[in-house]
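Here is a friendly note to read alongside the model. Take the points in order, and keep the picture open as you go.

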Amino acid sequence: MLKKLLISIALLFASAAFAAVDVNQASEAELNSIHGIGPGLSERILAERDKGEFKDWTDLIERVKGIGEKTATKFSSGGMTVQGKRFSATAWARAQAKAKGG
């Protein structure tokens with residue numbers, strides 16, 4: 001019985017550690033909890049978000065200096081989402097090709 005309780009508690013903490021942080025709802029502290037986001041970047045994200053929510057990862061990358069494909073991949077694997085979605089390199093490549101007219 002005690003073993004099951006301890007396993008349940010451990011699983012609860014593990015799932016909380018990997019909880020998604022949506023960029024459109026996150027506080028500065030929550031953004032800073034994502035590996036690679038510091039005070040400067042979280043301030044830029046919040047300043048852009050004040051102008052309007054991010055529609056998708058492409059919108060976030062285009063509007064916030066310092067975020068590109070590699071950092072988006074890293075932030076996504078760290079738990080960040082945009083509109084509840086994780087970053088997809090495939091979707092990003094399609095959006096880039098479409099923007100270039102291809």
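1. Let's begin with helix 5, which spans residues 69–77 and has A72, F75 and S76 as its buried residues. Looking down the axis of helix 5, you would find these buried residues within an arc of 100°, so they line one face of the helix. The arc is taken from the directions that lead from the helix axis to the C-beta atoms. As for the terms, buried means under 20% relative accessible area, exposed means over 50%, and partly exposed lies in between (1.4 Å probe, protein chains only). Helices (H or I, at least four residues) and strands (E, at least two) are DSSP runs, numbered from the N terminus.

2. Before going further, please note that this is a predicted model, in which local features need pLDDT of at least 70, side-chain atom pairs count only at pLDDT 80 or more, and totals for chains, interfaces and linings use all residues. Residues are numbered from 1 along each chain as its sequence is written, and side-chain values use heavy atoms, with hydrogens and water left out.

3. What covers the buried residues of helix 5? The cover includes helix 3 (39–51), helix 4 (57–63) and strand 2 (80–81). On the face turned away from the buried side, helix 5 carries the exposed residues K70 and S77. T73 also has its place in helix 5, and with a relative accessible area of 40% T73 is partly exposed. The C-alpha atoms of T73 and R86 are separated by 8.5 Å, although these residues are 13 residues apart along the chain.

4. G68 lies in the loop between helix 4 and helix 5 and counts as partly exposed, at 25% relative accessibility. From C-alpha to C-alpha, G68 and W57 are 9.7 Å apart in space, while in sequence they are 11 residues apart. Just after helix 5 comes G79, which takes a positive phi of about 115°.

5. Next, step back to the whole chain. There are six helices and two strands, and from the N terminus on the elements run α-β-α-α-α-α-β-α. Of the 102 residues of the chain, 30% count as buried. The accessible surface of the chain comes to about 6800 Å², and 59% of this belongs to carbon and sulfur atoms. Accessible areas come from the Shrake-Rupley method with a 1.4 Å probe, and for residues only the protein chains shown count as cover.

6. Contacts are worth a moment too: the word means heavy atoms within 4.5 Å. Among the contacts in the chain with a separation of 6 or more, 49% join residues 24 or more positions apart.

7. Is S42 buried or exposed? S42, which lies in helix 3, is buried, with a relative accessible area of 0%. Leaving aside neighbours within four places in sequence, S42 is in contact with E28, L31, N32 and I37.

8. Which residues line the largest pocket? They are K55, D56, W57, T58, V82, Q83, K85, R86, F87, S88, A91 and W92. Helix 4 and helix 6 (89–99) are the elements that give two or more residues to this lining. The lining residues divide into five nonpolar, three polar and four charged. Here Ala, Val, Leu, Ile, Met, Phe, Trp, Tyr, Cys and Pro count as nonpolar, Asp, Glu, Lys and Arg as charged, and the others, Gly among them, as polar.

9. Q83 is found in the loop between strand 2 and helix 6, and Q83 is partly exposed, with a relative accessible area of 41%. The phi of Q83 is near 55°, a positive value in a residue other than glycine.

Terms used. On a 1 Å grid over the protein atoms alone, a cavity is a set of points where a 1.4 Å probe fits but cannot get out, and a pocket is an open set with protein on both sides within 12 Å along at least five of seven lines; lining residues have an atom within 4 Å of a point.
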